[in-house]
Every structure is written in structure tokens, then in C-alpha cells.
Amino acid sequence: MRTSRQIPTTSAPVPTTVRNLGILAHVDAGKTTVTERILFAAGAVHKRGEVHEGTTVTDFDAQERDRGITIFAAAVSCAWNGHRINLIDTPGHVDFADEVERSLRVLDGAVAVFDAVAGVEPQSESVWRQADRHGVPRIAFVNKLDRAGADLDTAVASLRDRLGTVPLVAQLPIGREDGFTGLVDLVRMRALTWPADCDTYETADVRDPGAVGDADLRAEAERRRRLLEETAAELHPVALEEFCTTGTLSDETLALVLREVTLQGSGTVVLCGSAYRNRGVEPLLDAVVAYLPSPADLPPVRGLGPDGGEQERRPDPAAPVAALAFKVAVTATGRLTYVRVYSGTLRKGDTVLDTGTGRTERVARILRVQADRHFELDEARAGEIVAAVGLKTVRAGTTLCTPQAPLLLEPPTVADPVVSVAVEARRSADTGRLATALVRLVEEDPSLVVRSDPETGQTVLSGMGELHLEVAVEKIRRDHGLELTVGRPQVSYRETVVRGVSGLVHRHVKQDGGAGQFAHVVIDVEPLDVAEGAEQHEAAFAFGSTVVGGRVPQEFVRAVEAGCRDALADGPLGGHPVTGLRVTLTDGATHSKDSSELAFRTAGRAAVRAALRASAMALLEPVAEVVVTVPDDAVGAVLGDLAARRGRVTGSAGRSGTTAVTAVVPLAELFGYASRLRGRTQGRGTFTTRPAGLAPVPETVAAVVLAR
């Protein structure tokens, strides 16, 4: 962390002039370059950084610069047309989807970046669905229009077909591929052109033949404007009324409708450009201000009050403080906690309550974040995203609030890890340092899990993928100077019920002097009926009770459910967690003196374990959807290799001498696939993956796994 410097503190902007947005995309779609050009256009930096040179602002970590990809979500801030834009550049690789999830939890809007050649790619679709779950309004930016094969219409069609959104194309490119020189703003009907080697653009009225002499361009702009008006009229009643009355839409009405459609999520405004060539960035910033919401445009944040009831907090700087910590960065010189302030005004020196633990902590300093640079502030008002110094025990997902007005906000969800490696210090004297390093690592990245293997005594590090663990191990080596021995990656298996049991009876009786323990339960165990497809088995567990007549009081029913959940930690096949089952409590009995919640929890745990031993069980493994893009002459070799890896091909599409093969492949079979693919395609093949849930393991493979 670089040394902070004090800058003159001005009053924070009101929430209507703040935009909290993220940049979302598939890896290599140009997210970081878009972020870099936004900072340059806004005057936040005075020299354009380049990913291939390792000089970008947001990819400041040594591993990011070495690998040429974004690994850690980086926050930056800039000003544009009187608005404060707080921007988070998120990772595009599937292994770092948790960073995207935590960022989306605190963002108000997003810019989804798409490659003009590839269109919607697997991870673009994944982050889009994540934004859908969080209800984050977004606009689309089709990037890299200067590339060979770039086509805006094809990219827009992929948005419509794969994302299910209604695209509202608000710009028209001027020129194709290398000849891309500018664009037409279809809302204001202006032609924006960027002269060669110039950072500013020239404008001309498209409707004026004297200003734009290309008659074909004027005609195409009018046609596209008409299509945009028709689409807007289909989505918004105000636009429909004006369109039916006058046969057209005014520029002002069209701009208003595009904003409201974006906020409602019923359509997506589509912009275009080439961030690398610095074309289309200023109009993108204008669209961010015009179409994406401010904190004041969103519903009040909701949380649980001290009585367990739901409460609301509006983004009012005068209200009690309510903030959510979404990221922790631990460095050799300090601990930064990134927070989104939802209500109130957070000032340095304030004492805040950690609602989850009941502890109070003091905010020593408040910083405006510019990637790895920080500028001190006196306060952060509602709607701001800042970093706080001095919070010693706060973790990602912690709610911070005024002690006199406690509120618990919903934390970001954390996905279960799917890949594990054993990690040991090469020198026994470094074991303690390794333990400290792992604790710090998990503080920064909640999607990493550290545990001790009960059989071998080894320290096991689990994460979201092979690259995720490689980055984590390398971070320990670089930051702490440790020499490590790392085992071969192992996937996290699950067990599930194929055929359950009914009427299983378990009676728990314990008498050893004094009050005893008594609980009698009867349960049914069956497979959980979930939707077929990639998301199957992810519902994990469902519990119900059909007990009548008060034979088991409600507080004991809850204890039975807790015991059932305890039993799911290790299954009967190989000690793997159990998922995808339903347990129903059908009957039971109590004792007037000896029955207790502890007794029924113990009975529930023992009953489920007995039921699982009596059920037909199956082993599940994580699978991934893989898209392999290879030259046409290498398709056969790739298909054969996928079949050898137990892959199931689900589709293929050809384009410009290449074929994209889509398959569902067990994650365990993908370790080392990058090297194999390069060998089979002479370095010309690429592949991407995204999680596709869990799938049953074939019996022959399961026997090998369980015998380990």
C-alpha cells in the first residue's frame, strides 16, 4: 500500500450525483482497457496505461501484470460532468467469480463489455446472470470494433439470443474493422469522429447534408433511429403514446425512455467503440451518467433490526450510519476495509458497531481509493464507496452501523469451493508463518477455505479453480517469502440420495444420573426434487414436518432440523458432504422431563445418518461447461480428447475457419488441459470454462475415487 496523502476535503456529493458501477465481462473482452480509458478521459490519469505493458492503474498487483488478466476487483474513482463515478474493475476469469459477486452486492449499476468479434462468451453470460440475481441495471458496450471480423449486429444478436434481453442499439459505427473512425449517436443524431492520433472527437449533425456528406450513412442512421424508436415504444407506455400520436419520438423523450427502461431492466442500451483506440469512451461516460441509477434512484436498503423485524434505510446523509464491508485488503503496512455507505455519514474517528459480532470498532481514517493509491477524506456520505482504516476484525460481508441504531444487512453469498490442494512449508521452521499467511489470505478472499485433513494432518487449501489456487499459493510465496510444497489438485465431491427410505425410527435415550435425555423421531428420506439441468443438486437440503397433534413441539422440530443438517457434513460413501435430499419428520414422541432440544438434535443427527446408510447413494462431482475454439483442421483431435476426458459435447459453431465446440466436462478431467490443448492444436486453440453444477460419477470412476 502506497503512503496516503492528505488532499483538501470538500463536502461529499449528494447521492443524485454519484454513480457506483462495475465493469463486467469475459476475460480479454477489454474491461481493464475500458476502465483505463475512462480514467484518462475523466482526467484522473494523465497517461494511458496498457495491459500488455503492465502499466494499467487497476491491474497493479504483480501477478495481474505477469499474467495479463484481472485477478482482484479494483476500485477507482473519477469525476465526469459534475458527477462522482465510483468504479470497480472486476475479474473476467471464472475462477474469480466470487470477486464479481461481492462487488455486485454493493454496486448500483454496471457496464457489460462484449467483444465485437466473439459477442456473448461463457463468462459474459455468467456475470450477466449474477447481475440479474442482484437486480443491477446495466448498459452494454460492444468493444474492439477495430478488430478483423468485428460486427456490431452479430454481437447484438448474441445479446438477444443468449442473454434474453431486448437490446436498444443507441449507436451506429462509422467504418468497419481498421476503417472504424467513429460512431453515430442515434439519440441526438450526431456523428462523432476521432481523427487519427487525436484524443478528442469532432461532432456533426447527421440530419444536415452539409455537415455529413455521406448520404448512405445518413440513410442508415435514419433507419436505425427508427428501429430504436419502435423498440422503445414497445417497452414504454409514454414512448408508445407519443409514437402513435406523432409517428416519431423526440430526442428528449427517447433519452428519458432509455433511462427508465434501463432502471426497470426491461431492455439494455447498447453502445459501441474501441477502447484501445480511445473511440467511444466519452459517449460511454455520458451514458453512464444519463442512464444508470444514482443511490437516490434505488429502493431503500433493507435489513434486520434488533428485534428481528425488517427495517429500511434511505440514502440520507443525516440518517444513522448503515454500511456494508465487501472487501478486505491486508498489506504489510495496514489493513484496508472497503465499505459501501448506504445511509448516514461515516466520519473518521467514529465508533461503529459490527452487527454480526456485537463488537464496536473505531474508524481511524477514511480513504478515497484509486487502485493502489489512497487519498484521505474527512467523511463519506450515503452512496459512497470508500476504504476504512482501523477496523481490526471486520470481514467481507460485515454490517457496520451506528451503535444506537443497529441494522443487519444481507451479506454477499460465497460459493462452495470445488478444488483443493495440500500446502506445506518446505522448512518446518516456517510452519507458523504459513499458518499466519493462510489466515491473512482467507481474510482477503472468503472463497478460499483452509482446513486440516483429519487423516493425514496436512493443511488443505480449497478454492474455486486451478488458477484460483495457483494465484493464492503464489501470493503466499511472494508476499511472505515462503517456500512451499503443493500437492496435486483434488476436486470436492458430494454424495446424494438416489433411493431413500421411509418410516425410519430412531429413539435416543440417555440416563447417567440426574436429568436424562429422551427423543423419539420417525423420518422419511428421499431425493430432493429439483429442476433438471446444470443447476441440479444445488438446492442441497430441504426439511419438513408432518407431525400432528403436538406430538413433537415446534422447538423440538427445529432441533431435529438442526441435527439433520449436522449429519450432512459427511456421507456414508466416502465422508463427502451430502446434498440433494429431503428429510420429513413424520412422527415422534417426548418425555415430560427428559426431552430437550439437545436430545432431539442428537436424535435427528443419528436418524439421518442411519437413513443414509440404508439408502441407495451416489457420488457427485463438479462439472464445467467448456467452450473450445480451434482451427477447423484440429476439431477431430479435440473431440477425441474431450471424449477421453468423459466430456459430453453439447454443440458446435463454425466461424471464419475456426470451430467453437461446447461440452460439459468433469472438473477433475480439466487439470492440465491447457497444455494438452496447445499440443494438439500447435498453440492455436483456446478454451474457456464456467461452472455447470454437479453430475453423477460413473460407477467405475466412483470406485477408484472411493478407494483412495
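Predicted model: local features only at pLDDT ≥ 70, side-chain atom pairs only at ≥ 80, totals over all residues.
Visitor: Okay, how many charged residues are in the lining of the second largest cavity?

Guide: That cavity is lined by V51, G54, T56, D59, E64, R65, G68 and I69. The charged count is three.

Visitor: And which charged residue lines the largest cavity?

Guide: The largest cavity has a volume of about 70 Å³. Its lining divides into seven nonpolar residues, two polar and one charged. Go through A75, V76, S77, N86, L87, I88, Y338, R368, V369 and I385, looking for Asp, Glu, Lys or Arg. You'll land on R368.

Visitor: Moving to the pockets, which strand gives the most to the lining of the second largest pocket?

Guide: This pocket holds about 1100 Å³ of space, and 29 residues line it, with R451, D453, V491, G575 and H576 closest to its centre. Elements that each supply at least two lining residues include β27 (449–452), β28 (459–463) and α16 (699–706). The top giver, with three residues, is β26.

Visitor: Now strand β13: which of its residues are on the covered face?

Guide: In a regular strand, side chains alternate between the two faces of the sheet. β13 covers residues 301–304, and its uncovered face has R302 and L304. That leaves the covered face to V301 and G303.

Visitor: What is the bridge partner of R302 in β14?

Guide: β13 pairs with β14 (residues 310–313) in the antiparallel sense, over four bridges. Five residues sit between the strands of this hairpin, where G308 takes a positive phi near 85 degrees. Across in β14, R302's bridge partner is E312.

Visitor: Last one: which residue in β25 does L304 stand opposite?

Guide: β13 is also joined to strand β25, and the two run antiparallel with two bridges. β25 covers residues 408–409. Opposite L304 stands L408.

Key: Residues numbered from 1 in each chain as written. Heavy atoms only, no water. Buried < 20%, exposed > 50% of the residue type's maximum accessible area, 1.4 Å probe, protein only. Pairing = 2+ DSSP bridges. 1 Å grid on protein atoms, 1.4 Å probe; cavity = no way out; pocket = protein on both sides within 12 Å on 5 of 7 lines; lining within 4 Å. Points joined across faces, edges and corners; volume = space filled by probe spheres on them.
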